[in-house]
Amino acid sequence: MKKKTLRLTLCVMMMALLFTVSTMSAFAAGDVAGAIENTWTDAQDQIKTVVDNVVFPVIDMILAILTFVKLGTAYFDYRKHGQFEFTAPAILFACLIFTLTAPLYIWTIL
């Protein structure tokens with residue numbers, strides 16, 4: 001029993017020693033935050049152009065399609081059950097309005 005405990009203890013100690021020897025401390029060489037800020041200021045115009053001309057129109061198109069599809073299914077549900085469910089089309093429409101107007105103010109927030 002003592003041999004087994006001693007062997008296990010030696011094994012754990014060896015693993016701990018290997019772990020501490022194989023790890024390496026990583027230190028930043030300089031001002032990392034400054035480098036990130038400089039990169040952002042260099043690429044800011046390109047990022048704004050891509051987001052304004054590609055990302056927002058794609059999101060707007062998807063939300064517009066989803067809004068009209070949901071309005072159509074809500075209408076057919078109204079004809080079938082006699083009750084118009086307006087919550088989902090209203091939420092999609094609000095999101096569409098938000099994303100249509102977002103390029104006007106999103107860059108002042110960021």
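How many of the 21 residues of α1 are buried? Zero, so helix α1 lies largely in the open. Buried here means under 20% relative accessible area, exposed means over 50%, and partly exposed is anything in between, with a 1.4 Å probe and protein chains only as cover.

Some notes while you have the model up:

1. Ground rules. This is a predicted model, where local features need pLDDT of at least 70 and side-chain atom pairs count only at pLDDT 80 or more, while totals for chains, interfaces and linings use all residues. Residues are numbered from 1 along each chain as its sequence is written, and side-chain values use heavy atoms, with hydrogens and water left out.

2. The overall layout. Read along the sequence, the pattern is α-α-α. The radius of gyration is 29 Å, well over the 13 Å that the globule rule gives for 110 residues, so the chain is more spread out than a compact globule. That radius is taken over C-alpha atoms, and the globule rule is 2.2 Å times the number of residues to the power 0.38.

3. Extent and surface. The C-alpha trace spans about 80 × 50 × 20 Å along its principal axes. Of the 110 residues, 12% count as buried. The chain exposes about 9500 Å², and carbon and sulfur atoms supply 72% of that; accessible areas come from the Shrake-Rupley method with a 1.4 Å probe, and for residues only the protein chains shown count as cover.

4. Helix α1. This one covers residues 2–22, and at 1.5 Å a residue its 21 residues should span 30 Å; the end C-alpha atoms are 30 Å apart, which agrees. The expected span is 1.5 Å times one less than the number of residues. For a sense of distance, Lys3 and Thr73 are 70 residues apart in sequence and 74 Å apart in space, C-alpha to C-alpha. Thr73 is found in helix α2 and is partly exposed, at 34% relative accessible area.

5. The nonpolar patch. Val50, Val54, Val55, Val58, Ile59, Ile62 and Leu66 make a nonpolar surface patch of about 530 Å². Patch members have over 30% relative accessible area and no salt bridge; like charges are joined within 9 Å, and nonpolar side chains (Val, Leu, Ile, Met, Phe, Trp, Tyr) within 5 Å. A salt bridge is a side-chain nitrogen of Lys or Arg within 4 Å of a carboxyl oxygen of Asp or Glu. Val50 is found in helix α2, residues 32–81, and is partly exposed at 46%.

6. Thr67 is found in helix α2 and is buried, with a relative accessible area of 5%. Leaving aside neighbours within four places in sequence, Thr67 is in contact (heavy atoms within 4.5 Å) with Pro89, Leu92 and Phe93. Cys95 sits in helix α3, residues 87–109. Cys95 and Ala64 are 31 residues apart in sequence and 9.4 Å apart in space, C-alpha to C-alpha.

7. Contacts over the chain. Among contacts with a separation of 6 or more, 57% come from residues 24 or more positions apart.

Note on methods. Helices (H or I, at least four residues) and strands (E, at least two) are DSSP runs, numbered from the N terminus.
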